[in-house]
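Hi everyone, thanks for coming.

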There are 2 protein chains.
Amino acid sequence: MQIAFLLYPRFTALDIVGPYDVLSRLPGAEPWFVAKESGPVRNDNGRLQLVAEKTLDEVPSPEILVVPGGSGTTDAADEATLRWIRNAHATSTWTTSVCTGSLLLAGAGLLDGQTATSHWSAEEQLEALGAIYRAERFIRVGKLITAAGVSAGIDMALYLAGEIAGPTTAQAIQLLIEYDPQPPYDAGSMAKAPPDAVKTLQQMFNT
Amino acid sequence: MQIAFLLYPRFTALDIVGPYDVLSRLPGAEPWFVAKESGPVRNDNGRLQLVAEKTLDEVPSPEILVVPGGSGTTDAADEATLRWIRNAHATSTWTTSVCTGSLLLAGAGLLDGQTATSHWSAEEQLEALGAIYRAERFIRVGKLITAAGVSAGIDMALYLAGEIAGPTTAQAIQLLIEYDPQPPYDAGSMAKAPPDAVKTLQQMFNT
């Protein structure tokens, strides 16, 4: 079961490593990090490099496709990458995105008129590309699953693991990665974050 | 603020990328992936490579040290690595581990007679190295913080972000990574996982 994890410059690492450490534990998984060119790819803050072992052309028909988000999503939406996504989706069993990765699925024309999610900051961009944004943890429409920002990929991947291998295997993987979240704060969505935290985040981004 | 993220062969990717994507967002953060030799390092199932840009010798005195776990932890416990951990800890502001990374801290002599945690499967190994195991999400003793398995590093790192930069900044980072966990199953600890999931996990490891 080939699983393609897409990399591109300025991806967000947790977007892709969360689903990786769930889905790569599935029986029969054959995970590949792929990119337009093979070799190291730098993340959004430039201090982390994940290695793409295969080019897009070398993994044209994965059974599962995982597309992460990041500050580089818009720049990644070139014709070669969108064509690869479109072609891979034509034969995939599951096509998934995390965070602003849904902008790439939308750019490839996969989300026209469909409900989908993304990082909370990308609502307008997603809708401009033809999708109908909903603030959900993840949204499944047929074989397409879009997840919310960054850490939502872990929840999405556990759900997908259950669909593929059954709930008991998904629970076994959850136990393996000890995913029993106990966040010390409760500020993980725009509905929950205190106004001061939202303001601080805006300041962190503008400087 | 130098933050050293240790890599060694057969580390678990989410152990280190979870804390990375929290701590590297702190104002003034200077994160480095470090290993005995610079270059790509393969993870526990061999399909992911993160690049160490610096050798241990090049980052001798980080302010924060993050040590991940993985199936390679025991093999990583050589004298050079343990000496680096011991020396880094002597001048660090914070010394942390995720998952079986606590076995390396214990091997370096940092946890003698202290309460600490680890992946649930490593209780006996941790105690054999002189620590007192507790099944907690993370445990802080002074400047030392040990976290439970894999995904627990995210909770630990958010706590640490709050200690370093205050709760508002920690909440801003939580919002940025949209850490509002909604696991589709509730099997993330030995106390919660159904017996069938535990049995399935044992079978997955033995084959």
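**A walk through the two chains**

Let's begin in chain A, where strand 1 (residues 2–6) and strand 6 (residues 64–67) run parallel and are joined by 3 bridges. Within that pairing, A:Phe5 has A:Val66 of strand 6 as its bridge partner. Please keep in mind that this is a predicted model.

Now zoom out to the sheet. In what order do the strands of this open sheet in chain A come? The order is 5-2-1-6-7-11-10, which makes 7 strands, and the pairing is mixed. At the edges sit strand 5 (54–55) and strand 10 (138–141) of chain A, each of which pairs on one side only. Helix 1 (residues 13–23) of chain A lies across strand 1, strand 2 (30–35) and strand 6, and runs at about 165° to strand 1.

Next, the two chains together. How many residues of chain A are in contact with chain B? The count is 72 residues of chain A, touching 72 residues of chain B. Between them the chains bury about 6,300 Å², and 60% of that is on carbon and sulfur atoms. There are also 6 salt bridges across this interface. One to find on the screen is B:Arg42 with A:Glu53, where the closest N and O atoms are 2.8 Å apart.

Staying with contacts, let's turn to the core. The largest nonpolar core has 134 residues, and A:Leu50 and B:Leu50 touch the most other members. What does A:Leu50 meet, once its neighbours within four places in sequence are left aside? In its own chain, the contacts include A:Leu7, A:Phe11, A:Ile16, A:Val17 and A:Phe33. Also in contact with A:Leu50 are A:Gly39, A:Pro40 and A:Val41. From chain B, the contacts of A:Leu50 are B:Leu48, B:Gln49 and B:Leu50.

Let's move over to chain B and look at some strands there. Strand 1 (residues 2–6) and strand 2 (residues 30–35) of chain B pair in the parallel sense over 5 bridges, with B:Ala4 standing opposite B:Trp32. Strand 2 of chain B is mostly covered, with 5 of its 6 residues buried.

Strand 11 (residues 144–147) of chain B is covered on both faces. Which strands does it pair with? Strand 7 (residues 94–98) of chain B pairs with strand 11 in the parallel sense over 4 bridges, and there B:Val98 stands opposite B:Ala147. Strand 10 (residues 138–141) of chain B pairs with strand 11 in the antiparallel sense, also over 4 bridges. In that pairing, B:Ile139 has B:Thr146 as its bridge partner. Strands 10 and 11 of chain B form a hairpin with 2 residues between the strands, and B:Gly142 takes a positive phi near 65° there.

That brings us to backbone angles. Most residues other than glycine have a negative phi. A:Cys99 is not a glycine, yet its phi is positive, about 60°. A:Cys99 is found in the loop between strand 7 (94–97) and helix 4 (101–107) of chain A. Is A:Cys99 buried or exposed? A:Cys99 counts as buried, at 5% relative accessibility. Over in chain B, B:Cys99 has a positive phi near 60° and lies in the loop between strand 7 and helix 4 of chain B. B:Cys99 is buried, with a relative accessible area of 5%.

Let me finish with some helices. Helix 7 (residues 167–176) of chain B is mostly covered, with 8 of its 10 residues buried; among them are B:Ala170, B:Ile173 and B:Leu176. After helix 7 of chain B comes B:Glu178, whose phi is positive, near 45°.

B:His89 is in helix 3 (residues 79–91) of chain B. With a relative accessible area of 16%, B:His89 counts as buried because the cut-off is under 20%. Leaving aside neighbours within four places in sequence, B:His89 is in contact with B:Thr95, B:Leu110, B:Lys143 and B:Leu144.

Finally, A:Glu79 lies in helix 3 (residues 79–91) of chain A. A:Glu79 is partly exposed, with a relative accessible area of 44%. From A:Glu79 to A:Gly107 is 28 residues in sequence, and 9.5 Å in space, C-alpha to C-alpha.

Key
Residues numbered from 1 in each chain as written. Chains lettered and ligands numbered in written order. Predicted model: local features only at pLDDT ≥ 70, side-chain atom pairs only at ≥ 80, totals over all residues. Heavy atoms only, no water. Core = buried A, V, L, I, M, F, W, Y, C linked by side-chain atoms within 4.5 Å. Buried < 20%, exposed > 50% of the residue type's maximum accessible area, 1.4 Å probe, protein only. Contact = heavy atoms within 4.5 Å. Pairing = 2+ DSSP bridges. Axes fitted to C-alpha atoms, helices over the stretch in contact; angles between N-to-C directions. Buried area = accessible area lost by both parts, 1.4 Å probe. Salt bridge = Lys/Arg side-chain N within 4 Å of Asp/Glu carboxyl O.
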